[in-house]
Amino acid sequence: MACTNCSCGSSKSDGAKGCGNNGTCGANSCNKLTVFDWLANMSLPSGEAPFDCVEVRFKNGRKEFYRNTEKLTLSIGDIVATEASPGHDVGIVTLTGELVKIQMKKKGVDHHSAEVLKVYRKASQKDIDIWSAARDREEPMKVRARELAIRLNLEMKISDIEFQGDGSKATFYYTASDRVDFRQLIKDYASEFKIRIEMKQVGFRQEASRLGGIGSCGRELCCSTWLTDFRSVNTSAARYQQLSLNPQKLAGQCGKLKCCLNFELDTYMDALRDFPDYETKLKTEKGDAVCQKQDIFKGLMWYAYTDNFAAWHVLSTEQVKEIIAINKEGGLASALEDYAVEVEQEVEKTYNNVVGQESITRFDQPKKKNRSKSKNRNKGKGREGAVVEGQSASSPQKNNPSRGNQPQRNPQNRSQQSSGKPPQKERQNNAPKENSNPQVQGQNQGQNPQGERTGNRNKRNKKRPGNSNRGNSNESKNNEGTN
């Protein structure tokens, strides 16, 4: 978290909410593994000297205790230069006062021991510049370090690199399942980076706590925010909580079982004290019955006969204890059907659109028909009709029952079509009808001067072989307008 999520104090004009100390406050969890100093506002009794040790935080939540031998006035958020071997390191003070004594006692550190290192001074601007420049080298160095480890075919993973405050030494954190011989790797690192190299192996849980991340619950990892001790987690914790033994769901980002399996385990263990033994069989008149499932919250247990595991019977814990008492006396209880409890079936929840949300496909338009295909079909029909009409005007035509008698084309429609006006509908009385009888057809052609013009035009087109296609194309255009 950062000061943008801090809820204490008022916001400033630079955009940082809360106290606006940009990660140096001790009131809320601005940094990983932050401890709230609840003794900060309390004054010491008269004659008592302040505690001479402080807690200093380094990269990724690593904390160490240092002795303030110079009697410096230190507060939370101060950048100090501390003792290291060799040289000095730079860190941030995270806790001062009497609360440091409690933290040292909790972690098993003796504040009277000579192993506790000391604080040199408050960091100067030069120290801070060297420290920040060294921190900028960590990411590109980590990429190169992994390449060198892969080239040597070492089964290890370089997870993180931490520079010392003076830039004289770099600590390489790595994870490996077995022992790794990295003597040649250290030589390659020293020749490549020109600094002092220190290799430190960490576990998979410690790696996840250093790097951080988002868990399956949607929140930051517990080990990187507040969890400091890693208890062993067994699959029995999942069995007691009746969780499916699926390693993909029970494992965290570190590849081990999730630490949160231990959080509610004590509550489940307390609730299971009132339940009968899971392995105890119930002896009834219809046979023995074994437990298949139990509901800790409702106090129900599901039993099935050994010869028919498909049928389950629901019993309460009191009824199961009653049957067990009968069996201890040497008797047989009646059938499980006599003790069965009716369980209310869960009603399926139907979610209605009460918020007014619409379908996500409301903007989708229906597919349009392919008009080009329909046009091509009409063109093909028009051409066929043109050939039939040309034959009917020049020579007799047999009666086609499928097509019927097709009317002759009026040249007025062609003139109207060329002028851009829609063709007028011909009256039924004026439209000449074709007849299968050639004599009647000839009489109709003689009476209609328009038919004569059409017949003569088709005869001329037949004489000229180059104009046959042109006439057909013109007639097909007229057929398109008619259709």
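Predicted model: local features only at pLDDT ≥ 70, side-chain atom pairs only at ≥ 80, totals over all residues.
Modeller: By class, 15 nonpolar, twelve polar and 16 charged residues line the largest pocket.

Colleague: What volume does the largest pocket have?

Modeller: About 1200 Å³. The lining counts 43 residues, and the closest to the pocket centre are G61, R62, K63, E64 and K200.

Colleague: Which elements give two or more residues to that lining?

Modeller: The strands are β2 (63–67), β6 (157–163), β7 (169–175) and β8 (196–201). The helices are α1 (98–106), α5 (204–211) and α6 (222–225).

Colleague: And which one gives the most?

Modeller: β2, with four residues.

Colleague: Switching to R210. Where does R210 lie?

Modeller: In helix α5.

Colleague: Is R210 buried or exposed?

Modeller: Buried. Its relative accessibility is 10%, and the cut-off for buried is under 20%.

Colleague: What is R210 in contact with, leaving aside neighbours within four places in sequence?

Modeller: K32, K59, N60, D160, E162 and Y173.

Colleague: New topic, helix α9. Which residues are buried there?

Modeller: α9 spans residues 265–272, and L265, Y268 and L272 are buried. They sit on the same side of α9, because they cover an arc of only 65° around the axis.

Colleague: Why would that spacing line up?

Modeller: An α-helix has 3.6 residues a turn, so residues three or four places apart point the same way.

Colleague: What do the buried residues of α9 pack against?

Modeller: α7 (235–240) and β10 (287–295).

Colleague: And which exposed residues does the face turned away carry?

Modeller: D266 and T267.

Technical notes. Residues numbered from 1 in each chain as written. Heavy atoms only, no water. 1 Å grid on protein atoms, 1.4 Å probe; cavity = no way out; pocket = protein on both sides within 12 Å on 5 of 7 lines; lining within 4 Å. Points joined across faces, edges and corners; volume = space filled by probe spheres on them. Nonpolar A, V, L, I, M, F, W, Y, C, P; charged D, E, K, R; others polar. Buried < 20%, exposed > 50% of the residue type's maximum accessible area, 1.4 Å probe, protein only. Contact = heavy atoms within 4.5 Å. Arc of directions from axis to C-beta.
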